[in-house]
Amino acid sequence: MFARVTVANKQAIASELLARFKAEEEPKLQKKIGEVVAKLAECVSDDDEKGWLAPGQKGWPTLLPEMLQMADCSQNPNPNSCESALRLVKDLIQPMREAVVNAQQVLGGLIQNGLSGENLKIKCASLLLICEMVGVLDKKDWAPLIATGPVLNSVLLQLAQANQQDDVQECLQAFVEVASIEPDFFKKQLSESLEPAKILSTLVKTREGVEEGIRNLALEWLVTYSEKKPKWIAKSAPNFAPLALECCMDLMLEVEQGDEALNEWATRMDDEEGEEDSDELFHSGEEAIDRVVEAVGMETLSSALFQLVGNFTR
């Protein structure tokens, strides 16, 4: 549809959308407008000339510079607006990849400002932006972001402590995607401090105040990394796989205290009528332990596994 519009009208639509995004004061609506802007950016950045804003010129030259300025909390005093702009910049990484690489110095500054500020929403959006850059850009372009690893762990911990569960879940999903696409991003901090594995294992084992979705995502990161880097973790992070196994078993053996709760749990486990879905955490742990053992190998894990079984059966 957009490809059929005249050049003048295409430019007018793009200009109006951008103006409305910048002027909108309601955060939810601003983000929705940002989603439309991102979709339009994909269209005008495509190889099909019919969708271009100007004849012979692919892309939207003014969009990224304006968003980078709006996303910088040192230049934009409105935290809601800044967060919306950061999220829009994240969505522009893929369609405007070349422009993003050329703007790395500016991006580095706004990311540093976002992570060093006090606003948790801006920190969360900055974390998501970094994860998107790692997932989309070439390694030589995202390699400098490895240094942000400890700060990202701190942001995740702050979000959890502030009970921002939706934001924690979104960040964990981004971590899982990075582990799946570019697991090398986490190698330096894992070899030095076993982070973020330690923080994520804490989330997995926390039984009160943490949603099941968060615990499952934290476990998924541990399992995914085991599958992606089994030889590396065996050599350079030997405590990683035992920690992942410990989390799996912790979920499998999680039973509330008290005879009534224990009897209820035992009944569910013995039920042959399909009640197994009622204990999602148990089955998450069960499936995860199979995946970890298959990825890393029983030969590598046997000692740690038998020790864990002994500890949990005492």
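A crossing of two helices is called left-handed if the near helix is turned anticlockwise from the far one by less than a right angle, and right-handed if clockwise. Helices here are DSSP runs of H or I with at least four residues, numbered from the N terminus. The model is predicted, so local features need pLDDT of at least 70 and side-chain atom pairs count only at pLDDT 80 or more, while totals for chains, interfaces and linings use all residues. Residues are numbered from 1 along each chain as its sequence is written, and side-chain values use heavy atoms, with hydrogens and water left out.

**Helix H15**

Helix H15 covers residues 240-252, and its 13 residues should span 18 Å at 1.5 Å a residue, which agrees with the 19 Å between its end C-alpha atoms; the expected span is 1.5 Å times one less than the number of residues. Because 11 of its 13 residues are buried, H15 is largely enclosed by the rest of the structure, where buried means under 20% relative accessible area, with a 1.4 Å probe and protein chains only. Among these buried residues are Phe240, Ala244, Cys247 and Asp250.

**Two helix partners**

Axes are lines fitted to C-alpha atoms, for helices over the stretch in contact, and angles run from 0 to 180 degrees between N-to-C directions.

| Pair | Angle | Axis distance |
|---|---|---|
| H13 and H15 | roughly 145° | within 10 Å |
| H15 and H17 | about 155° | 7 Å |

The crossing of H13 and H15 is left-handed. Contact, meaning heavy atoms within 4.5 Å, joins Arg215, Leu219, Trp221, Leu222, Tyr225 and Ser226 of H13 to Phe240, Ala244, Cys247, Cys248, Asp250 and Leu251 of H15. The residues of this contact comprise nine nonpolar, one polar and two charged, where Ala, Val, Leu, Ile, Met, Phe, Trp, Tyr, Cys and Pro count as nonpolar, Asp, Glu, Lys and Arg as charged, and the others, Gly among them, as polar.

H15 and H17 are roughly antiparallel to each other, a term for angles over 145 degrees, and H15 passes H17 in a left-handed crossing. On the H15 side the contact includes Ala241, Leu245 and Met249, and on the H17 side it includes Phe282, Gly285 and Glu286. The residues of the contact of H15 with H17 are 14 nonpolar, one polar and one charged.

**Leucine 222**

Leucine 222 lies in helix H13, which covers residues 212-228, and it counts as buried because its relative accessibility is 0%. Leaving aside neighbours within four places in sequence, leucine 222 is in contact with Ala197, Ser201, Val204, Phe240, Ala244 and Cys247. The C-alpha atoms of leucine 222 and valine 204 are separated by 9.9 Å, and the two residues are 18 residues apart along the chain.

Key: Helix = DSSP H or I, 4+ residues; strand = E, 2+ residues; numbered from the N terminus. Buried < 20%, exposed > 50% of the residue type's maximum accessible area, 1.4 Å probe, protein only. Parallel < 35°, antiparallel > 145°, perpendicular 65-115°, else oblique.
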